[in-house]
Amino acid sequence: MDPITHICSGILIGQGLRPQPSVRRKTLLVTGLAGFAPDFDAASYLWGADVYLRLHHTYTHTLVGIVVLALLLAGLERRWLTELSFARLLGLNLAGCTIHLCGDLIALWPLHILWPVSNHDFVLQWTHDFDYVVLAVVVVAMGLSEVDGFQHRAPWIIAGAVLLLAAYFIFIPGWGGA
Ligand SMILES: [Zn+2]
C-alpha cells in the first residue's frame, strides 16, 4: 500500500485503542509512525534501484522484523514520550506495524512473513499498491474517529470500515486500484 494509507491506518488503530485524552496525540503519533515504519526499507533506494528491489518488502516485512522494529522504535520513543511506558510503546508499535503488513498483504508484492523459518510467499493481490477506495475508507474512518462526539465509538467505526472494505473486495476487488 501507499504511505498515506499506511500512516492513516496506523492512526486509526491508535484511535481504536481509545487512549486517554492526556496521551491521545502521542499515542496516535506512535501508531501513525509505526503504520509506516516497515517501509523504512525504502531508504535502500539510496544505494540504487537494484538494492531497493532486493531489500524492499523483505526483512522489515516479517514477523521477526516487526518485533525488532517495534523494540527499536519503543526504545527510541521512550526517551521523549515519558508518559507512555516501554511496554505500552512496544504494544502500540506492534499494532501499527501489524496493520502495515495487513495493508501490504492485500496488494501486489509477496511478503515472506515467516522468514527466517519459511520463505513462503504471502500475498492476496486483491488490488494494486495504491487503491483510492481503500484510502478513502481509511481516511474517512480516521477523520470520523477524531470528531469529539465519535472518539469513543472508534472501535465501531473501524468495524464498519472493515465491513465496507470486505464488501468492496468481495464485489468489486481492485476497482479503485491505480
Ligand atoms: Zn510495506
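Arg18, which follows helix α1, has a positive phi, near 45 degrees. The model is a predicted one, in which local features need pLDDT of at least 70 and side-chain atom pairs count only at pLDDT 80 or more, while totals for chains, interfaces and linings use all residues. Residues are numbered from 1 along each chain as its sequence is written. Helices are DSSP runs of H or I with at least four residues, numbered from the N terminus.

Among the buried residues are His6, Cys8, Gly10 and Leu12, and their cover includes α2, α5, α6 and α7 (154–171), judged by contacts in which C-beta atoms placed from the backbone lie within 7 Å.

Toward α6 (residues 132–144), residues including Ile4, Cys8, Ile11 and Gln15 of α1 meet residues including Val134, Val138 and Met142. By class, this contact has ten nonpolar, three polar and no charged residues, with Ala, Val, Leu, Ile, Met, Phe, Trp, Tyr, Cys and Pro counted as nonpolar, Asp, Glu, Lys and Arg as charged, and the others, Gly among them, as polar.

Helix α5 (residues 86–105) has 20 residues and reaches 28 Å between its first and last C-alpha, close to the 28 Å expected. Its buried residues include Leu92, Cys97 and His100, and what covers the buried residues of α5 includes α1 (3–16), α2 (24–36) and α4 (63–77).

Definitions and conventions. Helices (H or I, at least four residues) and strands (E, at least two) are DSSP runs, numbered from the N terminus. The expected span of a helix is 1.5 Å times one less than its number of residues. A residue is buried if 20 or more other C-beta atoms lie within 10 Å of its own, exposed if 12 or fewer, and partly exposed in between; C-beta atoms are placed from the backbone. Two residues are in contact if their C-beta atoms, placed from the backbone, lie within 7 Å.
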